Amino acid sequence: MTVLVKGARVLGGDPADLLLKDGRIAAVGERLSATGATVVDADGLVALPGLVDLHTHLREPGREDAETVETGSRAAALGGFTAVHAMANTDPVADTAGVVEQVWRLGRQAGLVDVVPVGAVTVGLRGERLAELGAMADSAARVRVFSDDGHCVSDPALMRRALEYVKAFDGVVAQHAEEPRLTAGAQMNEGDRSARLGLTGWPAAAEEAVIARDVLLAQHVGARLHVCHVSTAGSVELLRWAKSRGVQVTAEVTPHHLLLTEACAESYDPVFKVNPPLRTEEDVRALRAGLADGTIDAVATDHAPHAVEDKESEWAQARPGMLGLEQALSVVVETLVEPGLLDWAGVADRMSVRPAAIGRLDGAGDRAHGRPLAPGEPATLLLVDPAARVPVDPAALASRSRNTPYAGRELPGRVVATFLRGEATVLDGEAVR
């Protein structure tokens, strides 16, 4: 397939044409032409490298009623993503080479995005003994990111062994930073509001204590650490301190923690129940600043689809988690681009370049992500209309679930097209298949 994209603003710069041929960018310039090419009018659109999500729950195998690899991949493509890291808390848990290869093959069959399995750190996510890290790394899935997300690797000795083990194949441990003894029964952010609403509070210290411990462990063993879904101002300061000391630590923030606050819990609507919980306005400002100055490396969705019966219940019984793939870029536009905290090159860096590097997807091969939009590079990119404003309708989402916290909001930015190695997965804002 040969595609000629006409007049796109690459990273928000001056308009240019991009010729996509045989899975790569053949040329970038003015007034390009190609006989027989499919022409895409990109006047007014911004071209970015395909987005990479470090934190996606696809639920398959085990909870196909909430999401499948195919439906989650379609939602990702509609959000401008070309690669997603599928978390390990499936049923069975992705703690063996067999399970991660199953997820990887389902992603290949869907063919909408590159599905990159995340391996569990411990067997069954139980935090008792290490899973088959080496076998997963050597499998066809080539796992490089390991996480017990949903559960903290709370045993410091076990966490140290995991960090030491993954060094052998340049892997990274992605920690769900939550000291479980401080969050037993917790329902929302701890503070005056939780006391008034009668919901057990979740202290910021539960997150920050684990981050402080783990950056010291990572420094001690010289390993790579990644911190999932950072949510507090104190966490940002800890990360800033660790990076100043040369610790190999990276971190992500979710779209919902960039936009929403604990005030959403006033409604007792369980769509706003999430782990870690929505925090204060002060925390939100610190997260935006930390992402803007690079202390936080990446935006990751923590896309967490749930079946209706798991979400539409009393707050205390509802499962935590929110959808995120289709609206992630729009939230970043609203919270960082429009206020002037990030330009489009910064968006590309935080949503494509850095996450691809963290997941080791940024190599020179055809399946690389986060690469420059330049001749010879993979034709893996998206086109976004920054002037569009789109109302969020849960019924129109590609996900099999409907638990979006953005229902009824009008968000800026519309993904018009997504290309994976030159093949369109989204055109005119609609999934191609």
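Modeller: In this predicted model, His306 lies in the loop between strand S15 (298-299) and helix H10 (308-311). With a relative accessibility of 6%, His306 falls under the 20% limit and therefore counts as buried. Beyond its neighbours within four places in sequence, His306 is in contact with Arg59, Ala66, Lys311, Arg319, Pro320, Gly321, Ser401 and Asn403.

Several of these names return in the UniProt record. Its "binding site" annotation, from an unreviewed entry, covers His57, Leu58, Arg59, Asn89, Asn275, His306, Pro320 and Gly321. Of these residues, His57, Arg59, Asn89, Asn275, His306, Pro320 and Gly321 are included in the lining of the largest pocket.

Another annotated histidine, His57, occupies the loop between strand S6 (51-56) and helix H1 (69-78). Its relative accessible area is 4%, so His57 is buried. Apart from neighbours within four places in sequence, the contacts of His57 are Glu67, Met87, Asn89, Asp149, Asp302, His303, Ala304 and Pro305.

The chain is divided into domain 1 (2-46 + 376-431) and domain 2 (50-358). Their contact involves 35 residues from domain 1 and 46 residues from domain 2. About 3,100 Å² is buried between the two domains, and carbon and sulfur atoms give 63% of this area. On the domain 1 side, Arg400, Asn403 and Tyr406 lose the most area to domain 2, together 22% of what that side buries. Asn403 is also one of the contacts of His306.

Definitions and conventions:
Residues numbered from 1 in each chain as written. Predicted model: local features only at pLDDT ≥ 70, side-chain atom pairs only at ≥ 80, totals over all residues. Heavy atoms only, no water. UniProt positions renumbered as here; feature names shortened; annotations may be inferred. 1 Å grid on protein atoms, 1.4 Å probe; cavity = no way out; pocket = protein on both sides within 12 Å on 5 of 7 lines; lining within 4 Å. Helix = DSSP H or I, 4+ residues; strand = E, 2+ residues; numbered from the N terminus. Buried < 20%, exposed > 50% of the residue type's maximum accessible area, 1.4 Å probe, protein only. Contact = heavy atoms within 4.5 Å. Domains from an automatic or database assignment. Buried area = accessible area lost by both parts, 1.4 Å probe.
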